[in-house]
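Please look over the structure below.

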Amino acid sequence: MKQPDTSNHPVQQMIDQIEQSLTELENFSLIKLGQQMGYSPFYCSFLFRHHTGISIKKYILLRKTILAAAHLSETNERIIDIAMQYGYSSQESFSRAFKDVFGITPAAYRRDPQPLQMYARRDLNETRGAIRMDMTTTKVIVQLQDKVEQLYEQDILNVLNGQHMYEKFQSNQWMGASDYVPFNEAMCVHEATEEIFSESFCSIRARGHGSTLSGYEQIVIYPLHQLFTNLHDYECIVLWFGDDMFCQLNLLTMLAYLEQQHYAGTLYFNTVQEQTYDVQQTEMTLGTFTSLYKQVVLHHQMPTEPMLPVMYQSIRLYLQLQQSDNELTRHIAAHADQSESELVRHMLKLFPHYGLGDTQYIECIRQVRGESGRK
């Protein structure tokens, strides 16, 4: 069936105009946007949030900072010039906004560019939609694996976020003779315990997922057999995780586990940015992740320790979701006319930075609606 053309949709027109204004020296004007659209500023704000799931102000902040980050890493332009290019009145105001989004200053990011969670331009056109990673695009993946294998030969364990990625890598033998295991969890939902993968951990995770203990172990624990039995035999562990909140909470849990087990080998984190097909490799140093895990997953607190920007962004999203009033629950409440299945499809497209799947969205929808949900 042919998808409708949304190029003339008023919200798509607003998105296009906002994108064009991101590098204007003058600050964005909601009044001016309303005049261009023929709507009141209030109605523009309402319409934009209703269709995109995000406020105009937040959308502009995220898009400006992600574009500015690219300028910082790819050019030698002065920070003040980049700040001015994106409408900031001073380097200080730009630094505050940048740090609020990424947890790191522009100067620190330029010195050591680290993985970020990428916020793609919103697009209402279903035929274009959100770009997902093409797993057949293996050039960068193979290059990274060759680099690691030259250093460590075959004493490498690759941990992949989820069964789907694991099966793709396994069927294509992208990692040669090295070992690989999947981490089939969703640590961004339900309770956990301090000692990761302990009996109590498995019991409480199984209960949260509505599974039996044996069912949980079959899905999560048994596939990690090589990790548990041969951990200290591996000279190098490579963690392949996406840049969304779902993947980053899983990554945090895995890093905390390795720290709890006193793993002493070399550790790499390969960030898979599904919006851009990029894979960025970062060497990790253990030492703070157990503390981060306890603060975030167990106590739902924002840590004070420095961390990768991509993890900082995801932790902020995770902690916002712990509040009953968050952007997902507000979006669900605002779309009471949509069936459960329609709303799930809509939210999968609008909120890729959360990385949630059908199951998590259905659970959230039913909690907000207080019912079994309309299919």
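A cavity is a set of points, on a 1 Å grid over the protein atoms alone, where a 1.4 Å probe fits but cannot get out. This is a predicted model, in which local features need pLDDT of at least 70 and side-chain atom pairs count only at pLDDT 80 or more, while totals for chains, interfaces and linings use all residues. Residues are numbered from 1 along each chain as its sequence is written, and side-chain values use heavy atoms, with hydrogens and water left out.

**Cavity**
- One cavity of 30 Å³ or more turns up in a search of the whole structure.
- The largest cavity has a volume of about 30 Å³, a volume being the space filled by probe spheres set on the grid points, which are joined across faces, edges and corners.
- Its lining (residues with an atom within 4 Å of a point) consists of Ile54, Tyr59, Leu62, Arg63, Tyr119, Ala120 and Arg122.

**Confidence**
- The pLDDT (the predictor's confidence in each residue, from 0 to 100) averages 86 over the chain, and 85% of the residues score at least 70.
- Residues 1-5 have a pLDDT below 50, and this stretch makes four contacts (heavy atoms within 4.5 Å) beyond near neighbours in sequence.
- Where pLDDT is low, the predicted coordinates should not be read in detail.

**Strand β3**
- Strands are DSSP runs (E, at least two residues), numbered from the N terminus.
- Strand β3 (residues 236-242) is largely enclosed by the rest of the structure, because seven of its seven residues are buried (under 20% relative accessible area, 1.4 Å probe, protein chains only).
- Cys236, Val238, Trp240 and Gly242 lie on one side of β3, and Ile237, Leu239 and Phe241 on the other.
- Strand β1 (residues 156-161) pairs with β3 in the parallel sense over five bridges; pairing requires at least two bridges found by DSSP.
- Leu160 stands opposite Trp240 in β3.

Technical notes. On a 1 Å grid over the protein atoms alone, a cavity is a set of points where a 1.4 Å probe fits but cannot get out, and a pocket is an open set with protein on both sides within 12 Å along at least five of seven lines; lining residues have an atom within 4 Å of a point. Buried means under 20% relative accessible area, exposed over 50%, partly exposed in between (1.4 Å probe, protein chains only). Helices (H or I, at least four residues) and strands (E, at least two) are DSSP runs, numbered from the N terminus.
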